[in-house]
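The sequence and structure come first, followed by the notes.

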Amino acid sequence: LVNLPEGEQDILALETFPFLEPGEAYRVRSAIANPSIEDLLTAGEDYPDWVKARYLQLPENFSDRIRGFTSQITFGLNTPYEKAQAITTVLRAQVDYQTSIPPAPEGADPLEWFLFEIKQGYCNYYASVEVLMLRSVGVPARMAVGFAQGELVEGAQRPGELENGIQEYSISRKQTHAWPEVYF
């Protein structure tokens, strides 16, 4: 956790301690915010200072080519949600998802190579380039790494343990994933 102004906290990681051994399991109960598209469209850009300080930075040598491409994609769009949707749509349309790709050529910017040359990659590439593209147009974002939802466990509910439509999922290493998180 990172302590923020006004007593809030930003969760950076969840870890088990001691570490899990092969074959061991743990349970986590979580909730997911589920805003409507209207909520996201009207969220505005009045970001707290801590968000601007943490989630709008770009590397000093950030690619002018990626910055220009992002400006073209988002030209005329007014809200952070519209910009995020446009960038996501273009990435999904122009880059093929592959679980394995060769390394970028010596001296090449790996994200330029991913986006403009090989046009193939996996979640780490997608998330990294999308976060930087979003930040380059003033939309606060960060890369998250964790697990996709996994596989639904049928009949796993025990009386009183999982109720009210809550479902249980089994998650393993093959569900490792990375994605961009956008601050609204």
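At what angle do helix α4 and helix α6 pack, and how far apart are their axes? In this predicted model, the angle between α4 and α6 is about 145°, and their axes lie 10 Å apart. Two packed helices are described by these quantities, the angle between the axes and the distance between them.

**Helix pair α4 and α6**
- Helix α4 covers residues 80–94, and helix α6 covers residues 123–136.
- The crossing in which α4 passes α6 is right-handed.
- On the α4 side, the contact is made by Lys83, Ala84, Ile87, Thr88 and Leu91.
- On the α6 side, Tyr126, Val129, Glu130, Met133 and Leu134 make the contact.
- Sorted by class, the contact of α4 with α6 has 7 nonpolar residues, 1 polar residue and 2 charged residues.

**Secondary structure**
- The chain has 6 helices and 8 strands.
- Read from the N terminus, the order of elements is β-β-α-α-α-α-β-α-β-α-β-β-β-β.

**Dimensions and surface**
- The C-alpha trace spans about 55 × 45 × 30 Å along its principal axes.
- The chain has an accessible surface of about 12700 Å², and carbon and sulfur atoms account for 50% of that surface.
- The chain has 184 residues, of which 30% count as buried.

**Contacts along the sequence**
- Taking contacts between residues at least 6 apart in sequence, 64% join residues at least 24 apart.

Note on methods. Residues are numbered from 1 along each chain as its sequence is written. This is a predicted model: local features need pLDDT of at least 70, side-chain atom pairs count only at pLDDT 80 or more; totals for chains, interfaces and linings use all residues. Side-chain values use heavy atoms; hydrogens and water are left out. Axes are lines fitted to C-alpha atoms, for helices over the stretch in contact, and angles run from 0 to 180 degrees between N-to-C directions. Helices (H or I, at least four residues) and strands (E, at least two) are DSSP runs, numbered from the N terminus. A crossing is left-handed if the near helix is turned anticlockwise from the far one by less than a right angle, and right-handed if clockwise. Contact means heavy atoms within 4.5 Å. Ala, Val, Leu, Ile, Met, Phe, Trp, Tyr, Cys and Pro count as nonpolar, Asp, Glu, Lys and Arg as charged, and the others, Gly among them, as polar. Buried means under 20% relative accessible area, exposed over 50%, partly exposed in between (1.4 Å probe, protein chains only). Accessible areas come from the Shrake-Rupley method with a 1.4 Å probe; for residues, only the protein chains shown count as cover.
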